[in-house]
Amino acid sequence: VIESTYDIYIPNVFSPNGDNINDIFLPVFNCDQVTFYNLQIFDRWGNLIFESNDKDIGWDGRSNNQVTIPGVYPYLLQYELHGSERKLKYGDVTLMR
């Protein structure tokens with residue numbers, strides 16, 4: 001048994017190409033006690049192109065029902081686990097087709 005000291009894993013690449021392998025960008029928690037969740041994805045100009053308040057709903061690589069181009073997209077993730085302070089993670093994810 002390996003215990004993780006990390007509460008979340010955030011992938012850095014995904015490929016929404018319809019093969020059902022890594023088609024959704026979705027942070028993965030190692031527990032079910034998420035009491036707050038907000039994921040935002042931005043385009044290169046800083047425009048918000050995706051937002052979710054549900055930890056089970058990830059980004060499928062679309063914006064306004066249009067397929068986005070391959071590239072690097074910044075994200076901002078805020079979350080809170082039961083009994084802990086709100087945390088902020090940010091970085092970028094590479095979208096490949």
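1. Let's start with lysine 55: at 22% relative accessibility, this residue counts as partly exposed. (Buried is under 20% relative accessible area, exposed is over 50%, and partly exposed is in between, using a 1.4 Å probe and protein chains only.) Lysine 55 forms a salt bridge with aspartate 56, and their closest N and O atoms are 3.5 Å apart. Aspartate 56 counts as exposed, at 55%.

2. A word on what you're looking at: this is a predicted model, where local features need pLDDT of at least 70 and side-chain atom pairs count only at pLDDT 80 or more, while totals for chains, interfaces and linings use all residues. Residues are numbered from 1 along each chain as its sequence is written, and side-chain values use heavy atoms, with hydrogens and water left out.

3. How many salt bridges are there? The count comes to 3, taking a salt bridge as a side-chain nitrogen of Lys or Arg within 4 Å of a carboxyl oxygen of Asp or Glu. One of them joins lysine 87 to aspartate 7, with the closest N and O atoms 2.7 Å apart. Lysine 87 is in strand E9 and aspartate 7 in the segment before strand E1 (8–9), so this pair ties together parts 80 residues apart in sequence. Glutamate 80 also forms a salt bridge, with arginine 86, at 3.5 Å.

4. Now the sheet. It is open, has 5 strands in the order E2-E9-E8-E4-E5, and its pairing is mixed. (Strands are DSSP runs of E with at least two residues, numbered from the N terminus; two strands pair if DSSP finds at least two bridges between them.) Strands E2 (13–14) and E5 (48–52) are at the edges with a single partner strand each, so one side of each has no neighbour in the sheet. E4 (residues 34–42) pairs with E5 in the antiparallel sense over 4 bridges.

5. Serine 52 sits in strand E5. Is this residue buried or exposed? Serine 52 is buried, with a relative accessible area of 4%. A polar atom of the serine 52 side chain lies 3.0 Å from the backbone oxygen of aspartate 54.

6. Finally, the largest nonpolar core: 19 residues, with Phe25, Leu39, Ile41, Trp59 and Leu77 having the most contacts inside it. (Such a core is a set of buried Ala, Val, Leu, Ile, Met, Phe, Trp, Tyr and Cys residues joined through side-chain atoms within 4.5 Å.) Strand E8 (71–81) is one of the elements giving two or more residues to this core, and E8 provides the largest share, 5 residues.

How values were computed: Polar contact = N/O pair within 3.5 Å; in protein donor to acceptor, adjacent residues only side chain to side chain.
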